[in-house]
Amino acid sequence: IETELAFSGAGLVWVVNSYLLTLMALILCAGRLSDMWGFRRAYTVGLIFFGLGSILCGLSFSKAFLIAGRVAQGIGAAFT
């Protein structure tokens, strides 16, 4: 990742932190929405977000797309 997308050391930290910050910020809200929507629907939404984030990470050609993909994965992980 560092050489192909020209990340610095601090940029690599943001690849991890973008996922963790999103997950921790949304986990309580996602739990509440899961109570309102039902577990199966919330789990399906989480899987879709995580899958789309994984595709975005795999196809990323810049730093911003990789970090956006990690944020989408964090949203999906909060719902699953």
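This is a predicted model: local features need pLDDT of at least 70, side-chain atom pairs count only at pLDDT 80 or more; totals for chains, interfaces and linings use all residues.
Against which helices do the buried residues of H3 pack? They pack against H1 and H2, where packing rests on contact, meaning heavy atoms within 4.5 Å.

Residues are numbered from 1 along each chain as its sequence is written, and side-chain values use heavy atoms, with hydrogens and water left out.

Let me begin with the overall architecture. The protein has 3 helices and 0 strands, and the order from the N terminus is α-α-α. Helices (H or I, at least four residues) and strands (E, at least two) are DSSP runs, numbered from the N terminus. Along the principal axes, the C-alpha atoms fill a box of roughly 45 × 20 × 10 Å. Of contacts between residues at least 6 apart in sequence, 68% join residues at least 24 apart.

Next, the surface. The protein exposes about 5,100 Å², and carbon and sulfur atoms supply 70% of that area. Accessible areas come from the Shrake-Rupley method with a 1.4 Å probe; for residues, only the protein chains shown count as cover. Of the 80 residues, 30% are buried. Here buried means under 20% relative accessible area, exposed means over 50%, and partly exposed lies in between (1.4 Å probe, protein chains only).

Which residues make the nonpolar surface patch of about 430 Å²? They are Ile48, Leu52, Ile55 and Leu59. Patches are made of residues with over 30% relative accessible area and no salt bridge; like charges are joined within 9 Å, and nonpolar side chains (Val, Leu, Ile, Met, Phe, Trp, Tyr) within 5 Å. A salt bridge, in turn, is a side-chain nitrogen of Lys or Arg within 4 Å of a carboxyl oxygen of Asp or Glu. Ile48 lies in helix H2, residues 39-58, and is partly exposed because its relative accessible area is 49%.

I now return to H3, which covers residues 63-79. At 1.5 Å a residue, its 17 residues should span 24 Å, and its end C-alpha atoms are 25 Å apart, which agrees. The expected span is 1.5 Å times one less than the number of residues in the helix. The buried residues of H3 include Leu66, Gly69, Ala72 and Phe79.

Lys63 also belongs to H3. With a relative accessible area of 39%, Lys63 is partly exposed. Leaving aside residues up to four places away in sequence, Lys63 touches Leu5, Ala6 and Phe7. Of these, Ala6 sits in the segment before helix H1 (9-37) and has a positive phi of about 60° although it is not a glycine. Lys63 and Val15 are 48 residues apart in sequence, yet their C-alpha atoms are 8.7 Å apart in space.

Val16 is partly exposed, since its relative accessible area is 42%.

Two further residues deserve mention. Arg40, in helix H2, counts as exposed because its relative accessibility is 71%. Arg40 and Thr80 are 40 residues apart in sequence and 9.6 Å apart from C-alpha to C-alpha. Thr3, in the segment before H1, is exposed, with a relative accessible area of 76%.

Finally, the cysteines. How many disulfides does a search of the whole structure find? The search finds 0, a disulfide being a pair of cysteine sulfur atoms within 2.5 Å. Is Cys57 buried or exposed? Cys57 counts as buried because its relative accessibility is 16%, whereas Cys29, at 47%, counts as partly exposed.
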